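Biologist: Before we discuss any details, could you put the model on the screen and tell me what the terms mean as we go?

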Amino acid sequence: MKLLIFAGSTRQNSFNRKLAHVTAGLARASGAEVTHIELADFDIPMYNADLEAKGTPPDVMKLKQIMFEHPAWIICSPEYNASYSALLKNTIDWASSPVKSDPAWTDEFKFSRGKVVGILSASPGALGGLRSQSHLAPLLLNVECWVAPRNFALGRAGEAFDAQGQLVNDAHRKNVQAVIDQVLFASQRLAA
């Protein structure tokens, strides 16, 4: 099963980027074909319809294709002001915008329709970014994704990783693994 993993942060020492890295390793060990991307590697401006009218940026087209090719995703969402990041919203807004000049991409939800998405989050606070998940899930449902009911919010993330960026607590690894397992299980069933 092809699994796409990314974090909604570009900060160098982001806990969610660390969590995405750990998740990618666990998913590969589970037999998934993992594509782990960094949103910082894509040159995607803030969404603007006037800019879009001049042509969809090439990196948006690249990202749409990557998302389309993966039936399963796991998103690691930071929490900013009790919600998900502007980076995540901007990414979804661009990806869901139809490309009128390209017949293959006139369907706004081609990139996302039917994808099974697991949500993880990490935060220095006790709730672990749980509030970001409660806002992100409706956005994903709106673009016709299947949101996995199992999630995990990693609280006190500043203490959760060792010097190599691995989770120190076995219970945390098991919770991440449970999300991976559910996403892979559901996406295999939907693909059948």
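Modeller: Buried means under 20% relative accessible area, exposed means over 50%, and partly exposed is in between, with a 1.4 Å probe and protein chains only. The model is predicted, so local features need pLDDT of at least 70 and side-chain atom pairs count only at pLDDT 80 or more, while totals for chains, interfaces and linings use all residues. Residues are numbered from 1 along each chain as its sequence is written, and side-chain values use heavy atoms, with hydrogens and water left out.

Biologist: Which are the buried residues of H5, and what covers them?

Modeller: Helices (H or I, at least four residues) and strands (E, at least two) are DSSP runs, numbered from the N terminus. The buried residues of H5 are Ser132, Gln133, Leu136, Ala137, Leu139 and Leu140. With contact meaning heavy atoms within 4.5 Å, their cover includes strand S3 (72–76), H4, strand S4 (116–122), strand S5 (146–147) and strand S6 (152–154).

Biologist: How far apart are the end C-alpha atoms of helix H5?

Modeller: The expected span of a helix is 1.5 Å times one less than its number of residues. For the 13 residues of helix H5 (residues 130–142) this should give 18 Å, which agrees with the distance between the end C-alpha atoms, 19 Å.

Biologist: At what angle do helix H3 and helix H4 pack?

Modeller: Axes are lines fitted to C-alpha atoms, for helices over the stretch in contact, and angles run from 0 to 180 degrees between N-to-C directions. Under 35 degrees counts as roughly parallel, over 145 as roughly antiparallel, 65 to 115 as roughly perpendicular and the rest as oblique. H3 and H4 are therefore roughly perpendicular to each other. The axes of H3 (residues 58–69) and H4 (residues 86–95) are 9 Å apart, and the packing angle is about 85 degrees.

Biologist: What kind of aromatic pair do phenylalanine 68 and tryptophan 105 form?

Modeller: Rings of Phe, Tyr and Trp (its six-membered ring) pair if their centres lie within 6.5 Å, and planes under 30 degrees apart count as stacked, over 60 as edge-to-face and the rest as tilted. The structure holds three aromatic pairs. In the one formed by phenylalanine 68 and tryptophan 105, the ring centres are 6.0 Å apart and the planes lie at 85 degrees, so the pair is edge-to-face.

Biologist: Is tryptophan 105 buried or exposed?

Modeller: Phenylalanine 68, its partner in helix H3, counts as partly exposed at 34% relative accessibility. At 5% relative accessibility, tryptophan 105 counts as buried.
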